[in-house]
Amino acid sequence: MVEQVLITAAQVIPMGAPAIDDGAVLVEGGIVRAVGARRDLMREFGGARVHALGEAALLPGLVNAHTQLEMTLLGPPPGHAETFVDWVLTIRARASAVTDWERLTREAVGEGVRQCLACGVTCVGDIANNIHTTRAALATSPIRGVSFGEVLGMARRTGQFAHRLSAALDRSFERPGLVAGIEPHAPYSIDLELYRKCVEAARKQGLAICTHLAETPDEAEFLAAHAGQFKRLWDRLEAWDDSVTRFAGGPVRAMKEVGLLDVPGASLAHANYVDDEELELLAGGRASVIYCPRTHAYFGHPEHRLRDMLSAGINVAVGTDSAASSPDLNLLDELRVIYGKHADLPPSAIFELATLRAARALGLEGVAGQIAPGMAADFA
């Protein structure tokens, strides 16, 4: 017989429902079975073992909607890169010096999971470049979420696309609450025609899909004219050719063109540079936006359009990004940055960015982000 446990707290904050003073949650087999006032649940489930938290508020486990656990031990480059591309080149140079990527990846994922759990995060949207190693480490951890296999392919590096897509689609590591997703990396690293193939694969297999989008102001110039900072990156890599698809109209419209904005469970990491017309496109689609406040500040981007997006009805979630552009993976510190900029937002609305909205962004609304019957018994 599965044991019933009644967790009591001074306040239960389910998210999506009013807070319950002197509340309780009944858990059975790792699943929430009931939520309500302590006296009511004590009367109804008198045989349950009681776990009293006392003067505490109980929330659903937080959801870090965008991170890259395998980079946790790299840390930000010393000093400050002049441009985003300079930062990319510095990270690549540091990575090339690593002699045992498999070991470092396992250790980094372990440390990343530890940091997440320490601040109440129990679910992540993780970008996996070293797909099989990262997923193997996640599969044996207590964390839930989506492991987005990173897919690349552009110019003279198009040949890696098929292999990386196949690896991203490998679901052998999955367990309840931990599933595969696809991440065509960014408009400067995967050709738009290959984006279409990723979108088709996500639709066919019913997988979540994520991409880095409008992270810098240079993506539009690169897409339209194969010029600017990202062309400089490809020249440094000595891997450019002119077969790359051009697109005039910017990265948001490009994603509309390839169908990504209309995929259920699609999410756009960053979306730092969005004009009013692009805002309307996002509002008319199904994709969520994931705002990473401390990484946003690290690169000195102008004010994020968080409030405009929320007002337009766009689902916005919060993430830490990786520890290569953020001090650590403390999601609470990301929420503190938002509160510092938007103190008029109710705290419940700010916490929604890391619970209800973040779970929705990952396509995990039935698993995480809320304390409700049938949900996983993950709490903070």
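Buried means under 20% relative accessible area, exposed means over 50%, and partly exposed lies in between. Keep that in mind for the close-ups below, which show a predicted model.

View 1. Start with strand E1 (residues 4–12), which runs antiparallel to strand E2 (residues 20–28) over eight bridges. Look for Gln4, which stands opposite Glu28 in E2, and for Val12, whose bridge partner in E2 is Ile20. From E2, six bridges lead on to strand E3 (residues 31–37), again in the antiparallel sense. Here Glu28 stands opposite Ile31 in E3. The hairpin of E2 and E3 has two residues between the strands, and Gly29 takes a positive phi near 60° there.

**View 2. Strand E1 also has parallel partners, E4 and E5.** Four bridges join E1 to strand E4 (residues 49–52) in the parallel sense. Within this pairing, Ile7 stands opposite His51 in E4. Strand E5 (residues 57–58) runs parallel to E1 as well, with two bridges between them.

**View 3. A salt bridge joins Arg232 and Asp86.** Side chains of opposite charge can pair when their charged atoms come close. The model holds 28 salt bridges. In one of them, the closest N and O atoms of Arg232 and Asp86 are 3.2 Å apart. This pair links distant parts of the chain, 146 residues apart: Arg232 sits in helix H8 (residues 229–237) and Asp86 in helix H2 (residues 84–96). Arg232 has a relative accessible area of 28%, so this residue counts as partly exposed.

**View 4. Arg253 and Glu278 tie two helices together.** Their side chains meet in a salt bridge of 3.0 Å, N to O. Because Arg253 belongs to helix H9 (residues 251–258) and Glu278 to helix H10 (residues 276–283), the pair ties together parts that are 25 residues apart in sequence. Arg253 is partly exposed, with a relative accessible area of 23%, whereas Glu278 is buried at 6% relative accessibility.

View 5. The closest N and O atoms of Glu334 and Arg294 are 2.8 Å apart.

Conventions
Residues numbered from 1 in each chain as written. Predicted model: local features only at pLDDT ≥ 70, side-chain atom pairs only at ≥ 80, totals over all residues. Heavy atoms only, no water. Pairing = 2+ DSSP bridges. Salt bridge = Lys/Arg side-chain N within 4 Å of Asp/Glu carboxyl O. Buried < 20%, exposed > 50% of the residue type's maximum accessible area, 1.4 Å probe, protein only.
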